[in-house]
Amino acid sequence: MNRGGSSPSAAANYLLCTNCRKVLRKDKRIRVSQPLTRGPSAFIPEKEVVQANTVDERTNFLVEEYSTSGRLDNITQVMSLHTQYLESFLRSQFYMLRMDGPLPLPYRHYIAIMAAARHQCSYLINMHVDEFLKTGGIAEWLNGLEYVPQRLKNLNEINKLLAHRPWLITKEHIQKLVKTGENNWSLPELVHAVVLLAHYHALASFVFGSGINPERDPEISNGFRLISVNNFCVCDLANDNNIENASLSGSNFGIVDSLSELEALMERMKRLQEEREDEEASQEEMSTRFEKEKKESLFVVSGDTFHSFPHSDFEDDMIITSDVSRYIEDPGFGYEDFARRGEEHLPTFRAQDYTWENHGFSLVNRLYSDIGHLLDEKFRMVYNLTYNTMATHEDVDTTMLRRALFNYVHCMFGIRYDDYDYGEVNQLLERSLKVYIKTVTCYPERTTKRMYDSYWRQFKHSEKVHVNLLLMEARMQAELLYALRAITRHLT
Amino acid sequence: AGKKRTTSGEGRERQRLPARRFRTTSPAALRADSVDGGSLLAPLLGLTDRAFSDCPDLADGAMEKMSRVTTALGGSVLTGRTMHCHLDAPANAISVCRDAAQVVVAGRSIFKIYAIEEEQFVEKLNLRVGRKPSLNLSCADVVWHQMDENLLATAATNGVVVTWNLGRPSRNKQDQLFTEHKRTVNKVCFHPTEAHVLLSGSQDGFMKCFDLRRKDSVSTFSGEATEAGPWEWAMAGWVPVLPVISCCILRLYHSFAHGPMQDAESRANDARESWGCLLYPLGLCSGPQAGQSESVRDVQFSIRDYFTFASTFENGNVQLWDIRRPDRCERMFTAHNGPVFCCDWHPEDRGWLATGGRDKMVKVWDMTTHRAKEMHCVQTIASVARVKWRPECRHHLATCSMMVDHNIYVWDVRRPFVPAAMFEEHRDVTTGIAWRHPHDPSFLLSGSKDSSLCQHLFRDASQPVERANPEGLCYGLFGDLAFAAKESLVAAESGRKPYTGDRRHPIFFKRKLDPAEPFAGLASSALSVFETEPGGGGMRWFVDTAERYALAGRPLAELCDHNAKVARELGRNQVAQTWTMLRIIYCSPGLVPTANLNHSVGKGGSCGLPLMNSFNLKDMAPGLGSETRLDRSKGDARSDTVLLDSSATLITNEDNEETEGSDVPADYLLGDVEGEEDELYLLDPEHAHPEDPECVLPQEAFPLRHEIVDTPPGPEHLQDKADSPHVSGSEADVASLAPVDSSFSLLSVSHALYDSRLPPDFFGVLVRDMLHFYAEQGDVQMAVSVLIVLGERVRKDIDEQTQEHWYTSYIDLLQRFRLWNVSNEVVKLSTSRAVSCLNQASTTLHVNCSHCKRPMSSRGWVCDRCHRCASMCAVCHHVVKGLFVWCQGCSHGGHLQHIMKWLEGSSHCPAGCGHLCEYS
């Protein structure tokens, strides 16, 4: 469809990265075929994942216990690289989809569909379309938003904001939803919906970020099978790609000795740790560092990237299949850099004034009991998860790195930690990684294998999945914080 | 505040200790003094002694300080009123100066000192100076030194600890900056008696102890419970810093509290350590480098134990530290589920520590015992952000929350369900609370996110206890009655109303008041239980009726007949008649109505006509007799109720005693007693209890008879039953006492009226009234049964809510009698949405694991114990999570769909066991 529907081949299901497109335009004869490797992830070689799986019976057990579909789906397979985390992930997901809660089961899946549709994540949509029907949802709703009750439709606004610009959520939005009327939401219902939305937005990030493949044998049982829209360019998928792309790997990436890259990172971490004691940045500098990081995040991706095409151009190219767009309104609404809003002077969200531990948890747990504990456990788990390894090195304290990742995501959503030196982000996260982070958290649908491959080349895939988990949870927490803060304000 | 209390506990304790004891040179003499562990103390005291002989002036200085504290706290009487002032920004914390006349407020963008005056707060000083306020000024916590009026410390959100010296001549009062913490500092705390010791607890999981005369922290404590290596003391580098007075006492205490030491070696070590604490070692600021440490939420120095401080953590733990031993904590226990946000040592009771957590609980721990013992637990409605013991009130503490709830509560920990006092001034969450003076219990200061600072006066507090109704009354299923009321009330009452010599058996439970502290608000109540006479039969009729009624599945006429028969057999003639009437009204005309009419007239007992219906008078007589017998006991319970009730409501309803037997108290009770009052009116006069002559239950039930019998006559009667001459209230009174005599001869029913039949709709209003009547009588069973049987015919006349109310009442009653099947049937037949969804709630089916035979607690398809999936589908070999169907012959099964499909094509069990399964 990127080629104007001229060729209805399998390749049409994939968006093409610009380079490929260029090549394709030059040479229309090139036939691109469906990639043969069909592991759980397009980014990670199948054997990496499978290997880990056979060892781990625990994973299978967890799947039996919590999986809603009753089988080991690709997300779970990839996540099973981190079994500890997988357990809390599945448990919380199971709780919000299946256990007692304010919303009826089909609603929950429909909300998941709506959330995933914001990022055109067909993988999640397909999954939940099935579940939606299985739990007794009305098939008509799947025709699009016009067919659903007004009540669900009202959720659109908050879904849109939450997915792309959560800082815009105000208590007025909440008031509009809960104010008494025919289609009002009760607060517990709303909290349940918000948790679901945030969860699925973040999960979409993970799906794209880890290049999750469509399920192997989609049961075409309901006739609502969507065309899978993946944004992996064929060149990303093919292992030996036949597209001539010397220019890509040559000039754009620049061949850095990846080994020394790793060493340099280690060195920087060490230095930062030591520096701490003696050198202290002045306060002014600290705050400027945050501003700087915020500003800089603006130029990541949207400005010049190795994609080397103008931003607007890209947006024009974003043709959304009608299959997905029927679940969303205002498809043009996307992430807009928090920093760019500077002129309107949106206040920075001070993390210390509304923290998950102190405030968010209490509110969530009050209105939707027990989910707080599950989410709390999940956040804790992902924040503290470490194997004390970095690529080939062992016994490394990666706290710094993990914190940098987590805080950088929050920084892009305008959440600032007073006690964090944002200079660290600059030191620890190289540019290609920043590009990746920004893409995965803000425009997950644009993630490509090249982005995934281009950072931390020495690192193991499981470590990169770990990065994805951090990004996903950080994003979910950021969305939740904004939404819950609005609800709190509504309550006071 | 009493004058004699003006000395602080600390001061007294220390003063009792003669200073010269420290100068004694002979350890032997001390050994004689010490109660226990003399040998342990010998080396210790020797050392201590030497320390002081090295610097005697230090010891003297400390003593001086002690006395200064004492005088400082003996202030004059505080005055003031409840007042508040607006701040420019939300406050995060407040702290009071020791002179009780100034308060400091700190927040993200505010840091000011206010003077507390008689009528208002007056801004005294703005500490937030400089052109561009740095993050160092963004305060998470603030504390004012309790000994030095010029000394303050703040914890900044960026991890800096700042001290402020108000004595500085310049505009900027900032004194020192400690930038050792990597994350937000949550709490700072000054040592209660030491001028230079400051403790901080941070998000990074470390607690640091600062000596304000030095630039770095002197020791670091890691929240992580790691086993640190043996502590090496660099003797050479020690500098005398802290004078220690009560050292020996403390060691003694520690040896009590923590059991006997291992051996002589460790004793010596201990001794050296305790000495080391006097002299902070140099170069210990590095501390242990931990990987994952839990964030510290609060740190508090013990008020009584010189070296001890408590710290609370995000993971729910509380640790007790000896400040001299940064390598490991003295004690650790899990206090809460989730973060412990705050803690506070009891100002008087050594070792009482109050903790508050996100789990909405305040717990009081006794730390003096070997294991921390939970003494009290208060459940609040929101997470507990701050907790502060109320001065001079041993069991009171104040709490506030950081989410949702804006009020400040003062609790009596012995009465954990109702706050003793409540301050409702704030419009947003309260972030800081402080008692104005450490010995004045009536002034509380608070800061809030709504940008205001408040002074609350205890006498202006709202007291929920006052509003609480301390009486409780509850019926048992079989007519037993329990009644709880304030002890004083019952005692006063018993003088006036002697219950003695009764068949009732009151049981009293009393709770002793704590004589040490008379507290008016503390409830002590007496519970009395009154039982019905054994063998009274109780609610037998209800159960029988419920079980035997037919509610659906047959034509209306049959249902009515059936139910009428049931009622009649149980001797409930009036109900039976109602059913019959309903049949007449709603069923097609013909022979039946006439018959019924006869029957209804004959019911009075004066008419001997042979009846076509399936009952006759012979059935009736014994039925009636049993009913009256049954009612006598009912009457007992009933009269008790009335008596009791009058005593319970005596305060509010003074004239109850005189009007007893009138409908005032009776009505008061009716709501609870479903399904029995309708029979009370059958009470025979001769069965009435002589000891309760006034307990006659008059009119309330009687109009029914008239109403029903009045039904046949024309429309003018239907409009308003009060028009009927037979139903006037006074007459009913008389009639009620003679139900079995021939008062029915009053009624004459003309057949003619029935010839011109009225449409059933016509009776809608009447039937509605009748249903309401039954329901109000308490016979909700009848109301619901009729509602179900008549269905659409009558439903539209009664509003949804009432119907729902009836249904829920009846279902509740059925369930209390364990009539599950009936209750389910009712739920199923109900048309109210709220009721029918009851069937969908708590539909959990508990299953046991097929392998280990234990119940599967968490999920139905996975056993936690044997870690396998219990219910596999024999067809698809997947776990069955929904409907599981299995063969009763071979016990194999699986997904309903799969099994059905399988058995269509095969008759053998899909598991291959060879059994010939059958699906029906």
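## Strands in chain B, and a glance at chain A

Let's start with two strands of chain B that run antiparallel: E29 (residues 440-448) and E30 (residues 452-457) are joined by six bridges. To spot the pairing for yourself, find Gly447(B), which stands opposite Leu453(B) in E30(B). Keep in mind that you're looking at a predicted model.

Where do E29 and E30 sit in their sheet? They belong to an open sheet of four strands in chain B, and the order across it is E1-E30-E29-E28, with antiparallel pairing. At the edges you'll find strand E1 (83-86) and strand E28 (430-437) of chain B, each of which pairs on one side only. If you ignore direction, neighbouring strands in this sheet are turned by 15 degrees against each other on average.

Next stop: strand E26 of chain B, which covers residues 408-412. Is E26(B) mostly covered or mostly open? It's mostly covered, as five of its five residues are buried. You can check this face by face. Ile408(B), Val410(B) and Asp412(B) are on one side, Tyr409(B) and Trp411(B) are on the other, and all of them are buried.

E26(B) also has pairing partners. One of them is strand E25 (residues 396-401) of chain B, paired in the antiparallel sense. Another is strand E27 (residues 421-423) of chain B, again in the antiparallel sense. Here are the pairs discussed so far, side by side:

| Strand pair | Bridges | Residues standing opposite |
|---|---|---|
| E29(B) and E30(B) | six bridges | Gly447(B) and Leu453(B) |
| E25(B) and E26(B) | five bridges | His396(B) and Asp412(B) |
| E26(B) and E27(B) | three bridges | Ile408(B) and Phe423(B) |

What do E25(B) and E26(B) form together? They make a hairpin with six residues between the two strands. Have a look at Val404(B) in the turn: this residue has a positive phi of about 70 degrees. Two residues of E26(B) are handy landmarks here. Asp412(B) is the one facing His396(B) across the pairing, while Ile408(B) stands opposite Phe423(B) in E27(B).

Finally, a quick tour of chain A. Its secondary structure comes to 24 helices and four strands. How much of chain A counts as buried? Of its 492 residues, 61% do. The accessible surface of chain A comes to about 18800 Å², and 50% of that belongs to carbon and sulfur atoms. As for contacts in chain A with a separation of 6 or more, 78% are accounted for by residues 24 or more positions apart.

Methods:
Residues are numbered from 1 along each chain as its sequence is written. Chains are lettered from A and ligands numbered from 1 in the order in which they are written. This is a predicted model: local features need pLDDT of at least 70, side-chain atom pairs count only at pLDDT 80 or more; totals for chains, interfaces and linings use all residues. Side-chain values use heavy atoms; hydrogens and water are left out. Two strands pair if DSSP finds at least two bridges between them. Axes are lines fitted to C-alpha atoms, for helices over the stretch in contact, and angles run from 0 to 180 degrees between N-to-C directions. Buried means under 20% relative accessible area, exposed over 50%, partly exposed in between (1.4 Å probe, protein chains only). Contact means heavy atoms within 4.5 Å. Accessible areas come from the Shrake-Rupley method with a 1.4 Å probe; for residues, only the protein chains shown count as cover.
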